[in-house]
Amino acid sequence: MNNYSIDVEVSEVGPRDGLQSISPILPTEAKKCWISALAAAGVPEVEVGSFVPAKVLPQLADTAELVEHARGIEGLRVAVLAPNFRGAQDAIRAGAHKITIPLSVSETHSLKNVRRTHAQMLEEVSRIAGLIRETPENQRPDFEGGLSTAFGCTLEGPVAPERVVQLAEALMQAGCDEVGLSDTTGYGTPDQVRDLTRAVWRAVGRDRLTGIHLHNTRGQGLANVVAALDVGLRTIDASMGGIGGCPFAPGASGNIVTEDLVFLLEGMGYRTGINMERLLEARQVLRDSLPEEIELYGFTPEAGLPKGFRYA
Ligand code: ZN
């Protein structure tokens with residue numbers, strides 16, 4: 001993969017965010033085939049799973065094996081979620097390139113999601129940062145603090161931007177390399193994306209926030225992507241077929257659709273490194289391994305590429 005030729009990095013989170021929110025458990029071999037197909041399409045980064053106890057999310061119990069598989073694919077950046085120190089230990093042992101710890105700006109959501117207060121989560125972040133410092137330099141993962149429910153919470157309602165900024169600063173002080181904004185509940189609108197990004201930049205620096213995680217729960221997903229691009233964010237999370245959500249934020253279904261995102265980006269002149277035909281082949285790999293009742297979303301896969309479509 002030639003990183004230099006990419007303007008915007010698409011991070012596929014379907015194997016984690018998507019599969020954690022549906023009850024059927026995909027066989028490990030099927031997940032491996034899907035991850036390989038995504039990489040073959042040129043997807044530069046895949047979040048392959050989450051290091052949580054199998055009794056909490058049995059759908060993701062094979063994350064270590066998936067990291068090992070994905071690390072064998074040349075050029076692919078292997079990302080995982082780790083909600084605590086124990087999970088981060090496993091992630092480092094498995095050899096993930098990037099670890100994201102989610103910190104919910106809504107403390108009520110944090111307590112539901114990971115059963116920890118903000119203070120307890122920041123303590124975990126410090127311990128993980130210490131662990132990463134002790135890890136040999138060539139095996140150190142990038143460490144991101146994901147600010148979830150940053151645009152509003154199904155439990156608490158509106159979330160104050162000041163609170164997001166404070167927690168972004170606290171995450172950096174606790175030892176994260178960067179922070180990410182996450183619209184877990186699909187409440188965000190384009191102005192909010194621009195304003196919140198700028199506010200966090202003022203506090204932690206522009207190079208410490210480069211990515212955003214959006215859901216399409218209220219149909220704002222791609223509008224929010226355009227706002228994110230306008231303001232200057234360059235990593236966008238999405239999931240194939242729009243599968244995904246949060247099991248602890250009721251009604252928060254649907255990541256933005258990778259296939260539609262790639263069409264938008266290439267159409268707007270941003271190189272993604274992704275080949276659309278091969279991306280649709282990866283979609284078929286996913287379709288074939290999912291039970292029929294699980295719907296796959298996306299307009300571009302339905303309509304096909306426009307006649308004469310040209311990549312950026
Ligand atoms: Zn999500």
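These are my notebook entries on what I looked up in a predicted model.

**Entry 1: the zinc site**

I began with the zinc ion and listed its protein donors, which are Asp 17 through OD, His 213 through NE2 and His 215 through NE2. I noted that these donors lie 2.0 to 2.1 Å from the zinc ion. Along the chain, the donors follow the spacing D-x195-H-x1-H. I then looked up where two of them sit: Asp 17 is in helix α1 (residues 14–20), while His 215 is in the loop between β7 and α9 (221–231), so the pair ties together parts that are 198 residues apart in sequence. Asp 17 has a relative accessible area of 2% and is buried. His 215 is likewise buried, with a relative accessible area of 2%.

**Entry 2: salt bridges**

I turned next to charged pairs. Side chains of opposite charge can pair when their charged atoms come close. How many salt bridges does the structure hold? I recorded 16 salt bridges, and I looked at some of them in turn.

One of them joins Lys 32 to Glu 65, with the closest N and O atoms 2.9 Å apart. Lys 32 belongs to helix α2 and Glu 65 to helix α3 (residues 63–71), so this pair ties together parts that are 33 residues apart in sequence. I noted that Lys 32 is buried because its relative accessible area is 14%, under the 20% cut-off.

Asp 142 forms a salt bridge with Arg 77, and the closest N and O atoms of the pair are 2.4 Å apart. This pair links distant parts of the chain, as Asp 142 lies in strand β5 (residues 142–148) and Arg 77 in strand β3 (residues 77–81), 65 residues apart. I found Asp 142 to be partly exposed at 31% relative accessibility. Arg 77 is partly exposed as well, with a relative accessible area of 23%. I also noted that Arg 77 and Asp 142 belong to a network of salt bridges that links them with Glu 45, Lys 98 and Glu 144.

I then examined a pair within one helix. Arg 93 forms a salt bridge with Asp 90, the closest N and O atoms being 3.1 Å apart. Both residues lie in helix α4 (residues 85–94); because they are three residues apart, about one helical turn separates them. Arg 93 is exposed, with a relative accessible area of 63%.

**Entry 3: a charged patch**

Which residues gather in a patch of positive charge on the surface? I listed Arg 198, Arg 202, Arg 206 and Arg 234. Of these, I located Arg 206 in the loop between α8 (190–204) and β7 (209–213).

**Entry 4: two glycines**

I placed Gly 42 in the loop between α2 (28–40) and β2 (45–50). Its relative accessibility is 13%, so Gly 42 counts as buried. From C-alpha to C-alpha, Gly 42 and Met 276 are 9.2 Å apart in space, although 234 residues apart in sequence.

I placed Gly 130 in helix α6 (residues 118–134). At 15% relative accessibility, this glycine, Gly 130, also counts as buried. I noted that Gly 130 and Ala 174 are 44 residues apart in sequence, with 9.5 Å between their C-alpha atoms.

How values were computed:
Residues numbered from 1 in each chain as written. Predicted model: local features only at pLDDT ≥ 70, side-chain atom pairs only at ≥ 80, totals over all residues. Heavy atoms only, no water. Patch = residues over 30% accessible without salt bridge, like charges linked within 9 Å, V, L, I, M, F, W, Y side chains within 5 Å. Areas by Shrake-Rupley, 256 points an atom, 1.4 Å probe, with all protein chains shown as cover. Salt bridge = Lys/Arg side-chain N within 4 Å of Asp/Glu carboxyl O. Lys, Arg positive; Asp, Glu negative; His and termini not counted. Charge placed at Lys NZ, Arg CZ, Asp CG, Glu CD. Helix = DSSP H or I, 4+ residues; strand = E, 2+ residues; numbered from the N terminus. Donors = N, O, S within 2.8 Å, 3.2 Å for Na, K, Ca; no water. Buried < 20%, exposed > 50% of the residue type's maximum accessible area, 1.4 Å probe, protein only.
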